[in-house]
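Student: Please take me through this model feature by feature. I would like the general idea each time, then the case at hand.

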Amino acid sequence: MTTHTDNVEELIGIVRESLKDKGFEIYPFKVGWYNALTSQAHQLPYESDNLAAVILSTPSMFEKVFVPFLQSRACDGIRDPIDECISHTVSSSVSMCCPNQSVDVMYDFELLPSRKPKFLAQTAAHVAGAAFYYRASDVHNPPWGNKKMFGVCIHPRLGGWFAIRALLIFKDVLMGEEFQQRDPPDCVSRQEERIELLERFNFHWRDWSYRDIIPVEERYSLQQKEYFITPPAQRGALLRQWGFMTESDAES
């Protein structure tokens with residue numbers, strides 16, 4: 001049964017509380033705000049007023065959730081433990097907090113049959129007011145000319161030390177006009193800083209310096225950095241080195 005509401009916290013607040021202690025943040029938005037910024041190929045097939053929410057992981061997620069997940073041996077035989085850990089954590093929280101809601105959950109690693117992502121993560125974070133999505137179009141007279149430059153989201157407290165993990169769609173909840181869109185904080189407002197950010201992200205992304213384009217409250221731990229800088233195909237060997245997987249698990 002479809003319900004109309006203006007009280008977004010009534011629905012999102014309980015999920016936020018469930019995920020907060022696990023190192024996640026959640027930001028609500030209307031599907032129509034997202035669809036207004038995307039091409040037809042990337043539209044979400046829901047009503048414009050449907051309630052949606054984007055979920056981010058903060059640096060503390062690694063130690064609060066992922067390491068215990070590894071210690072529990074829940075990663076045995078899993079090809080990508082971080083994806084499995086996050087999907088298990090998010091889906092469990094949604095099931096527990098929204099037992100009477102019909103909620104579609106999409107993850108950043110999931111693809112459509114067309115091989116396109118199920119949702120554009122950075123666009124979702126931007127329209128939800130979570131993190132500003134800086135693109136080449138945000139720079140006047142770009143010094144790189146017509147060269148393709150990929151955009152990047154910057155969080156007002158975490159800079160680039162976060163990840164966009166999931167999208168929730170509350171299929172039976174339509175938001176009223178009182179639910180207004182909030183712009184994300186423009187924390188890289190100067191043109192020269194935007195140029196520096198996009199150049200760091202596109203040309204020097206391996207050194208992760210773009211993540212510190214602004215002062216931040218929290219960064220990845222050394223162990224977390226080592227995990228994420230390791231190519232996915234080699235992470236099994238790293239986990240075996242850390243004692244979290246057997247040799248047969250790492251090769252499965």
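Student: What should I know before I start?

Tutor: This is a predicted model, where local features need pLDDT of at least 70, side-chain atom pairs count only at pLDDT 80 or more, and totals for chains, interfaces and linings use all residues. Residues are numbered from 1 along each chain as its sequence is written, and side-chain values use heavy atoms, with hydrogens and water left out.

Student: How many salt bridges are there by the rule used here?

Tutor: Side chains of opposite charge can pair when their charged atoms come close. The rule asks for a side-chain nitrogen of Lys or Arg within 4 Å of a carboxyl oxygen of Asp or Glu. The count comes to twelve.

Student: Which part of the chain does K30 lie in, and which part D49?

Tutor: D49 and K30 form a salt bridge, N to O at 3.5 Å. K30 is in strand β2 (residues 24-30), and D49 is in the loop between α2 (31-35) and β3 (50-57). Helices (H or I, at least four residues) and strands (E, at least two) are DSSP runs, numbered from the N terminus.

Student: Is K30 buried or exposed?

Tutor: Buried means under 20% relative accessible area, exposed over 50%, and partly exposed in between (1.4 Å probe, protein chains only). K30 is buried, at 9%. D49 is partly exposed, at 35%.

Student: What does E217 pair with?

Tutor: E217 forms a salt bridge with R157, with the closest N and O atoms 3.4 Å apart. E217 is exposed at 60% relative accessibility; R157 is partly exposed at 33%. A network of salt bridges links E25, R157 and E217.

Student: What span should α6 have?

Tutor: The expected span of a helix is 1.5 Å times one less than its number of residues. For the 13 residues of α6 that gives 18 Å, and the end C-alpha atoms are 18 Å apart, which agrees.

Student: Which residues of α6 are buried?

Tutor: R194, I195, L197, L198 and N202 are buried in α6. They cover an arc of only 160° around the axis, so they lie on the same side of α6. The arc is that of the directions from the helix axis to the C-beta atoms. These buried residues pack against β5 and β6.

Student: What does the side chain of N50 reach?

Tutor: A polar contact is a pair of N or O atoms within 3.5 Å; within protein, one must be able to donate a hydrogen and the other to accept it, and residues adjacent in sequence count only if both atoms are side-chain atoms. The side chain of N50 reaches the backbone nitrogen of E47 at 3.0 Å. A polar atom of that side chain lies 3.2 Å from the backbone oxygen of V173. N50 is in strand β3 and is buried, at 3%.

Student: Where does W208 lie?

Tutor: Most residues other than glycine have a negative phi. W208 has a positive phi, near 60°. W208 is in the loop between α6 and α7 and is buried, at 9%.

Notes: Contact means heavy atoms within 4.5 Å.
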